[in-house]
Amino acid sequence: MNKNHRVQSSRSLSAVEVKSKFGAEFRRFSLDRSKPGRFDEFYGLLQHVHRIPNVELLVGYADVHGDLLPINNDDNYHKAISTASPLLRLFLQRKEEADYTAFGTDSLTRKKNTVLSAVLLRPDTNRKKPPVIISLPRDFRPVSSIIDVDILPETHRRVRLYKHGQEKPLGFYIRDGSSVRVTAQGLEKLPGIFISRMVPGGLAESTGLLAVNDEVLEVNGIEVAGKSLDQVTDMMIANSHNLIITVKPANQRNNVVRSGGGGAASGSSGRSSDSGASYYGYSSQAAAASMPTHIIQNFPVDELESDDEDLVIEAGGEAEPIRRAPSNYSMPSLPRYEPHLNLRTATTSVSASALSINANGTLPTSGSSGSLSNTNATSTTSSPDRAMERRSLEEDGTVITL
Amino acid sequence: DSGERVRKPPCHPSPVCLLFPPQTVEHGFPHQPSALGYSPSLQLLAIGTRSGAIKLYGAPGVEFMGLHDENAAVTQVHFMPHQVELVTLLDDNSLHMWTLRGHKGLSELLEIGRFTLTGPPGAPPSVTRVTAVLAHTSGELLLLGTEGGHVFIVEVPGFRELEERNISLDQVAASVPDDYIGRRNLEHVEALQENPINPNQVVIGYGRGLMVIWDLEKRCAIQHIPATQQLESVWWTEDGSYILSSHSDGSYCRWMVGGEDVNDEEEKSDIPYGHFPCKAISKIIQLPTEEGPPFLLFSGGMPRASYGDRHCITVIHSKTHVALDFTSRIIDFFVIRDGLQHTGDPSALVVLVEEELVVIDLQTDCWPVIQTPYLVPLHSSAITCSHHVSAIPLKLWERVIAAGELQNTHYSKKPWPITGGQNLAPDPPQRDLLLTGHEDGTVHFWDASGVCLYPLYKLSTAGVFHTDADPNDNMNQGAEGEWPPFRKVGCFDPYSDDPRLGIQKIHLCKYSGYLTVAGTAGQILVLELNDEAAEQTVEAKVVDLLQGQEGFRWKGHTRLDVREEPVLFPPGFQPFALVQCQPPAVVTALTLHSEWKLVAFGTSHGFGLYDYQQKNTVLIKCTLNPSDQLAMEGPLSRVKSIKKSLRQSFRRIRRSRVSLRKHHVNNTAKVVSGLQEANARLEAELAEMELAPVQRKIEARSSDDSFTGLVRTLYFADTFLSDSSHNTPSLWAGTNGGCVFAYMLRLPPVEHRADEPVTAQPAKEIQLMHRAPVVGIVVLDGHGAPLPEPLEVAHDLARSPDMQGSHQLLVISEEQFKVFTLPKVSAKMKLKLTAVDGSRVRRVGVAWFCSSRTEDYGESGLVVLTNQGDVHVVSLPHVKMQVQYPCIRREDVSGIASCVFTKHGQGFYLISPSEFERFSLSTCYLVEPRCLVEAPLHSGSSSQRRSQPDGASSTHRYTQLEYVSNCDTSTRFFFSRSRRP
């Protein structure tokens with residue numbers, strides 16, 4: 001709410017308190033906010049204070065959203081210093097052991113606590129080796145991806161927009177319209193929802209994956225057929241933190257083309273493409289694949305619940321009666337980041353099949369059929385972990401209660 | 001969830017109603033009534049509406065309802081004399097036969113036939129367009145007069161046309177004396193009346209003025225009455241010797257019936273409000289009295305220029321002459337008569353006007369109004385909010401009734417004269433109050449326990465303030481000797497003196513009798529029930545909710561001006577404390593804790609906590625968004641921008657019209673290309689409109705949105721806010737921007753309550769990530785049950801909450817239900833609504849569902865109404881979706897907004913400005929009409945009538961008829977379904 005307000009009030013402090021953690025050890029020191037210096041100096045300082053002069057490090061920090069972000073150049077180093085409020089939490093990893101998947105908005109949102117705790121608390125346990133690295137995160141955050149390419153008809157496209165933590169507006173409009181579909185009764189004109197406008201500079205436009213007159217078929221795995229424009233609007237806004245839209249692009253020339261042979265690996269992608277053009281065909285294919293159409297394969301329903309990070313501010317016990325300290329009470333309150341409900345152990349295969357668009361790669365990866373069961377397994381086993389993790393987080397003092 | 005299942009006894013019937021539809025009964029006054037009918041033998045009155053509904057009312061609690069398939073207005077309703085059937089005429093020219101049929105010991109209203117007149121092939125539709133209906137006393141014939149001037153005779157109930165008996169216009173015209181207005185067109189049949197002493201004679205009144213007495217047996221005209229004014233209505237006096245006709249020029253005439261004398265002069269003609277041109281007398285009735293002069297009643301006839309806008313019924317009896325002046329259009333009226341055969345003295349005049357039903361006692365001096373037990377206009381001033389309180393303690397109930405009785409002294413003492421049918425509904429299990437807030441600053445208290453929504457008491461808050469209206473402005477009595485002698489009747493008064501007085505929020509504590517109401521101009525009144533009148537000054541406390549926020553300018557209305565002198569308050573709820581918010585924005589949330597003696601209130605700027613014992617403010621919190629106020633515009637900016645865009649679009653339309661007109665004017669002079677140019681431009685504009693269809697912006701909510709600070713809900717709870725071992729009083733507030741503020745309250749010990757201050761300190765602030773408006777906050781105790789209401793435990797009416805286990809906080813936003821742990825606020829579980837089906841929570845309430853079979857079993861749940869008009873029941877504490885019903889049409893935004901839930905799983909919503917629909921989700925609490933109407937005995941009110949042809953003449957033709965409105969009648973089902981799209 002008035003987060004900015006608080007940030008500004010604490011920014012008057014010129015010193016940035018740094019808590020740097022490497023393995024089980026941590027060091028505390030401070031930096032001058034106004035003169036942060038260069039990244040390589042800072043890097044040397046870290047090696048110095050941790051007394052690991054010859055260890056190659058991967059430096060990460062927790063940003064205001066609780067995301068673990070890398071520090072590897074002057075820019076992001078300065079960003080980290082300037083946004084620290086007031087504590088800058090650093091996490092150092094040996095470069096050879098580094099888990100790159102821990103970085104970035106999305107991965108953290110889903111697995112923040114797991115990753116953080118893995119980084120923080122159990123650095124030496126036998127973790128899975130990181131999977132094939134598609135691209136190093138470095139300065140990038142994913143902004144969008146095409147997902148479930150292997151289970152959707154080629155005429156459809158499932159786009160995920162990563163709004164979380166972005167300043168950019170989602171930036172598109174939808175409208176009512178009608179589309180002709182092939183049904184059992186023949187051609188039929190049915191009402192549908194279409195993208196009507198893109199806001200220049202918005203997230204939707206910048207991805208290039210959505211366009212005006214694309215027909216919206218699903219929102220986060222739920223079919224929009226039979227729903228009113230207002231209902232679909234509300235659904236999209238309710239899911240805006242992690243919006244997954246399945247569209248039938250108006251322009252069908254840029255569809256992902258699956259090579260017939262290569263598709264055999266994923267088992268389900270070697271379909272003929274002609275029947276996929278119709279909505280009916282789409283449904284029947286999904287039915288043939290013996291799974292409900294609303295399942296978004298790579299991002300199962302639980303996975304979507306990333307908007308759980310309600311901000312809880314605890315007031316100080318010493319606070320005066322509010323009459324004397326009216327609305328703009330400047331009590332020392334800090335945001336506390338609640339561990340969210342959907343903790344689970346890292347299921348690396350999940351994020352692997354999402355394509356980072358910023359990486360400019362169109363590497364289709366498979367492993368889709370495995371991901372469902374994988375998630376089911378993790379969701380059932382995660383609860384004891386969850387309790388344990390929460391407790392340990394508290395012990396660690398990550399939950400700041402003034 | 002397994003935990004929930006274990007709690008539930010095995011094989012237990014769900015206490016949540018699974019039947020569709022859940023609607024049970026309608027309260028209030030039917031919207032847009034269009035026809036009135038009355039059966040003296042059944043003592044039932046029937047009202048037809050423009051939407052095609054037909055509603056029957058008898059004794060209080062006896063009601064029936066039906067809906068025609070056709071979505072056409074009911075233009076006429078006629079009971080078949082001495083039968084349980086009635087005929088309706090719709091404006092699509094179809095006739096419908098309804099009956100009250102017995103079923104399982106109750107009566108139900110069923111449509112048993114329909115009929116449309118078919119004329120000869122090739123005839124114009126006017127030939128069969130029905131304009132007048134006469135239900136013949138034989139009970140076997142319907143006479144249908146048409147626009148073409150014919151009278152068709154139809155046998156009922158089968159609707160068999162008796163062609164040979166039809167009275168064609170030619171037959172009548174042939175016998176009209178030649179000198180009658182040169183044999184001009186007689187026009188449509190305006191009126192049909194039966195001779196009260198000879199059912200074989202009917203008078204046919206034609207629009208042109210001619211009346212013909214026709215003998216049905218002999219099939220010939222007996223007498224012609226050559227009136228020359230346009231005919232409005234006809235009345236045959238009871239002794240059969242005179243016919244009264246009323247005309248469009250405001251005159252009425254009396255004609256002697258007798259013999260074959262065709263040239264009978266009118267015996268008496270009068271224009272009661274004469275000299276200057278008068279409006280038509282649309283209906284006239286004359287009824288004899290045992291001794292003394294007859295009653296003459298007619299509607300209309302007012303002098304056109306001076307009082308043409310009045311809606312009047314004139315009653316003349318002996319020297320008494322009163323023009324009853326109604327506030328809305330008169331639909332129809334009838335008179336109830338004394339005596340077993342209903343042939344005695346007139347006892348009551350029943351008038352259906354567009355917005356209410358008024359019954360006048362004609363046997364008490366001054367003809368006072370009899371208070372109606374049903375059909376009460378809920379909307380005497382527009383309803384602005386409602387509040388329901390279940391299970392009122394008897395003591396409070398009696399005090400409210402006593403206060404109300406003192407207000408009703410001007411009503412007649414006579415019992416309600418319409419007494420047909422028996423109310424077989426069991427006595428309501430508890431006393432329920434429905435409070436409605438109105439635009440004029442009044443709060444009406446209604447007995448909502450049973451089928452009849454009965455007015456108990458009316459509270460007016462306007463007296464606290466100075467308003468433009470002069471309190472001594474009594475519109476009731478005109479000056480002495482005024483002509484016509486008007487007398488205002490009816491309570492429908494849609495004009496509000498000052499819209500700022502409008503009541504927006506109500507909270508009544510049923511245990512202590514404390515009431516708080518809040519209004520449009522940021523006023524919050526705290527009232528206390530006092531059985532004596534009292535004169536007191538109400539001190540206002542102005543509360544600045546902006547708390548020094550800069551750059552904000554209020555552009556709305558000003559605060560209400562409080563009377564500084566003492567005001568005399570009648571017995572009832574009397575205000576003793578007043579808070580006025582600054583800026584004086586509409587109060588959006590209000591709650592009262594009578595045990596702590598605190599009132600919390602919120603507006604779009606913030607919220608406050610007021611201690612009404614010490615009469616001071618404990619807490620003020622501004623919730624205005626700092627980034628919102630950067631706009632320097634205040635919260636009206638959005639409103640303004642809407643206005644601006646509206647203005648622009650109007651301008652655009654006007655511009656295009658103007659240019660179009662200009663082209664039309666100059667059409668002849670201009671070259672053709674100019675017109676083409678204009679057309680092209682218009683086409684382009686149209687194309688643009690078509691190209692820019694309705695579209696919706698998809699954008700995540702941000703803290704910068706307007707009105708995020710609007711306080712949507714306030715809640716008091718005694719719970720664990722700081723640590724898990726000490727519970728403290730607390731105040732919770734939820735905003736439009738998805739923010740929840742929690743304050744810990746410190747109350748002085750009871751002995752020092754009057755002098756030590758109450759303090760509040762901020763304890764927690766939760767910002768929901770999805771930022772949806774918070775519409776409800778509930779704390780669940782250690783057993784997962786919602787905390788009881790204040791004083792509920794003290795009065796032994798609720799189990800004390802479990803304070804051992806850990807409490808949970810349930811935050812209901814428009815989009816999801818979320819449970820947090822307490823005192824450490826961490827998310828525990830949630831139920832998403834909007835993300836899954838795109839609907840949003842509009843109304844939410846906690847309800848207790850008890851089983852109808854097992855008394856000691858019940859479940860609490862959330863009752864939720866969405867913007868799609870669906871009602872959901874969500875279990876507690878596990879927030880699982882239980883059932884879902886379609887309840888209100890999604891387009892009916894005002895209906896959805898008006899919905900209020902009871903604590904026992906019922907609900908009310910407005911289906912029109914004047915009617916509440918009641919629905920029930922509970923199997924235990926069902927309020928529905930259950931009534932029985934017996935067919936009248938055919939002992940024969942008149943010796944003239946032929947004996948019954950069949951064996952039905954046995955004295956105990958005692959048909960038991962029934963009507964269950966909820967589950968098993970097709971009529972009822974029909975009705976609810978057809979209201980849906």
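How far apart are the end C-alpha atoms of residues 270-368 of chain B, and how much of the span is helix and strand? The end C-alpha atoms of residues 270-368 of chain B lie 28 Å apart, and the span is 4% helix and 51% strand. Helices (H or I, at least four residues) and strands (E, at least two) are DSSP runs, numbered from the N terminus.

This is a predicted model, in which local features need pLDDT of at least 70, side-chain atom pairs count only at pLDDT 80 or more, and totals for chains, interfaces and linings use all residues. Residues are numbered from 1 along each chain as its sequence is written, chains are lettered from A and ligands numbered from 1 in the order in which they are written, and side-chain values use heavy atoms, with hydrogens and water left out.

## Annotated spans

UniProt, in an unreviewed entry, lists residues 270-368 of chain B as "domain: Lethal giant larvae homologue". Another unreviewed entry gives "domain: PB1" for residues 15-95 of chain A. UniProt positions are in the numbering used here, feature names are shortened, and annotations may be inferred rather than shown by experiment.

## Chain A

Chain A has ten helices and 14 strands. Of its 402 residues, 51% count as buried. Buried means under 20% relative accessible area, exposed over 50%, and partly exposed in between (1.4 Å probe, protein chains only). Among the contacts in chain A with a separation of 6 or more, 68% are between residues 24 or more positions apart. Contact means heavy atoms within 4.5 Å.

Helix α2 of chain A spans residues 39-49, and its buried residues are A:Phe39, A:Phe42, A:Tyr43, A:Leu46, A:Gln47 and A:Val49. An α-helix has 3.6 residues a turn, so residues three or four places apart point the same way. The cover over the buried residues of α2(A) includes β1 (15-22), β2 (25-32), β3 (57-62), β4 (68-71), α3 (74-83) and β5 (87-94) of chain A. After α2(A) comes A:Arg51, with a positive phi near 55 degrees.

A:Glu218 sits in strand β10 (residues 215-219) of chain A. Is A:Glu218 buried or exposed? A:Glu218 counts as buried because its relative accessible area is 0%. Its side chain makes a polar contact of 2.8 Å with the side chain of A:Arg158. A polar contact is a pair of N or O atoms within 3.5 Å; within protein, one must be able to donate a hydrogen and the other to accept it, and residues adjacent in sequence count only if both atoms are side-chain atoms.

## Sheets and cores of chain B

One open sheet of four strands runs β2-β3-β4-β5 (chain B), with antiparallel pairing. Two strands pair if DSSP finds at least two bridges between them. The edge strands are β2 (33-39) and β5 (63-67) of chain B, each pairing on one side only. β2(B) is joined to β3 (residues 44-49) of chain B by six bridges. B:Gly37 stands opposite B:Ala46 in β3(B).

Another open sheet of four strands has the order β52-β53-β54-β55 (chain B), also with antiparallel pairing. Its edge strands are β52 (774-780) and β55 (827-832) of chain B. Strand β54 (residues 816-821) of chain B pairs with β55(B) over five bridges. B:Gln816 has B:Lys832 in β55(B) as its bridge partner.

The largest nonpolar core has 36 residues, and B:Trp732, B:Leu809, B:Leu810 and B:Phe817 have the most contacts inside it. β52(B) gives the most to this core, with six residues. A nonpolar core is a set of buried Ala, Val, Leu, Ile, Met, Phe, Trp, Tyr and Cys residues joined through side-chain atoms within 4.5 Å. Beyond its neighbours within four places in sequence, B:Phe817 is in contact with residues including B:Leu810, B:Met829, B:Leu862 and B:Val879. A second, separate core of 34 residues includes B:Trp397, B:Phe445, B:Leu456 and B:Val562.

## A hairpin and a loop

β36 (residues 503-508) and β37 (residues 514-519) of chain B run antiparallel, joined by five bridges. They form a hairpin with five residues between them, and B:Gly513 in the turn has a positive phi of about 80 degrees.

B:Glu564 lies in the loop between β40 (540-544) and β41 (567-569) of chain B. B:Glu564 counts as exposed because its relative accessible area is 70%.
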